[in-house]
Amino acid sequence: MSENMKEKALHAYKDNFREPEGGKLFFAPGRVNLIGEHTDYNGGHVFPCALTLGTYGVFRKRNDRILRFYSANEPEVGVVETSLDQLAPGRSREWTAYPEGVVFTLLSHGYQVNTGFDMAICGDLPGGAGLSSSASLDVLTAFAVRELFGLDIADHELAIFSKEADNSYCGINCGIMDQFTVAMGKKDHAIYLDTSDLSYECVPLKLDGMKIVISNTNKKHSLVDSQYNQRWSECRQALAELQTVVDIENLCDLSPEEFEKYKDAISEPVIRRRAKHAIYEDARCREAVRVLKAGDIRGFGRLMNEAHISVSRDYEVTGPELDTLQEEALKLPGVIGSRMTGGGFGGCTVSIVEEGAVEEFRKKVGDAYLKKIGYPADFYVVEVGGGPAVLEVL
Ligand code: GLA
């Protein structure tokens, strides 16, 4: 937890609203996915972990129905004001669409959010980098609203409502991985989640002598503007065609062997490749968790590398920036595994790197990236953190 960020959130609140007494300071993490990419809207498995980086927010209830939002990360937007009665899907394209969507969703489920509130946030997650700054903001809002209004909502439901808000209020057909990880994060553990029924297991991440390094392409990625929804539709099309020959509910109900048997039911080669990625990636994720539990971190790394090839060639969500980071990483001896993480189309890679090789990693991968892509990448050595929390009662 960063003292700086806490201070920054408090200042943001004071400077834009008033003294925060009577309010509370909250935190929600970001996440990095280790393996299992683009499987979560196909009923497959994912294996992400929460980060100690995240979003900080001061929230305080009001006596009327006004909602006021301020983000120190987007000061140019200023204070955005609306009211509980004005919320409507699609009305907002600012960052405030996320908290608005969460409040709207809670109201539509009958939760008694009977007054408005002021909220001021800041965060140390790089925005638009595929580390779930939006899910962090969603869950922060859901968690804070639950605490302020004393709502009876279980932790995993914070994720369910946040996902619903992203789907219906913000128009992103995302799965539940990000929101679930943010809401359920556990320090030094990754979450092995079955997205078909939300059963999960927290698996200890024993990375003795190794670090998780995130490399940011600095190519902005935005799920709303990217081909993310197109991939979602392509998977729906593959599922519909497969359902004419086999009785399944989700793409990831098929094993790779079954996919090979039925794949000709999918008429277009591109759509077949999309389905192939999701199904093989699901199997890879299950295998990766198995080998990790058996203590085979190198085996885990190899599966990460294979996962990258699959998102690059079959799912086509990487591009030269992510591919360069991954390929350059694999040239270094201390790198256990490396792959794109999150939605793709820019954003970050995640690598497991031997501690003694981290500096060389930054230098060599950084130099090669700058030379090839023309602008610098950023690197973060991250720690695995817990879920949302009340940091201070003000
Ligand atoms: C984004 C989405 C997630 C998931 C990943 C890809 O992060 O929000 O639901 O689909 O992309 O695995």
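Start by selecting Tyr 200, which is partly exposed at a relative accessible area of 41% (buried is under 20%, exposed over 50%, partly exposed in between; 1.4 Å probe, protein chains only). This is a predicted model, in which local features need pLDDT of at least 70 and side-chain atom pairs count only at pLDDT 80 or more, while totals for chains, interfaces and linings use all residues. Residues are numbered from 1 along each chain as its sequence is written, and side-chain values use heavy atoms, with hydrogens and water left out.

Now select the whole structure: a search of it finds 15 aromatic pairs. Rings of Phe, Tyr and Trp (its six-membered ring) pair if their centres lie within 6.5 Å; planes under 30 degrees apart are stacked, over 60 edge-to-face, and the rest tilted.

Select Phe 104 and Tyr 169. Their ring centres are 5.4 Å apart and the planes meet at 50°, so this pair is tilted. Phe 104 is partly exposed, at 26% relative accessible area, whereas Tyr 169 is buried at 2%.

Phe 180 is buried, with a relative accessible area of 1%.

Next, select Phe 26, Phe 59, Phe 117 and Phe 143, which form one aromatic cluster.

Finish with the charges (NZ of Lys or CZ of Arg within 6 Å of the ring centre and within 35 degrees of the ring normal). Arg 231 lies over the face of Tyr 315, 6.0 Å from the ring centre. The charged end of Lys 276 is over the ring of Tyr 280, at 5.7 Å from its centre.
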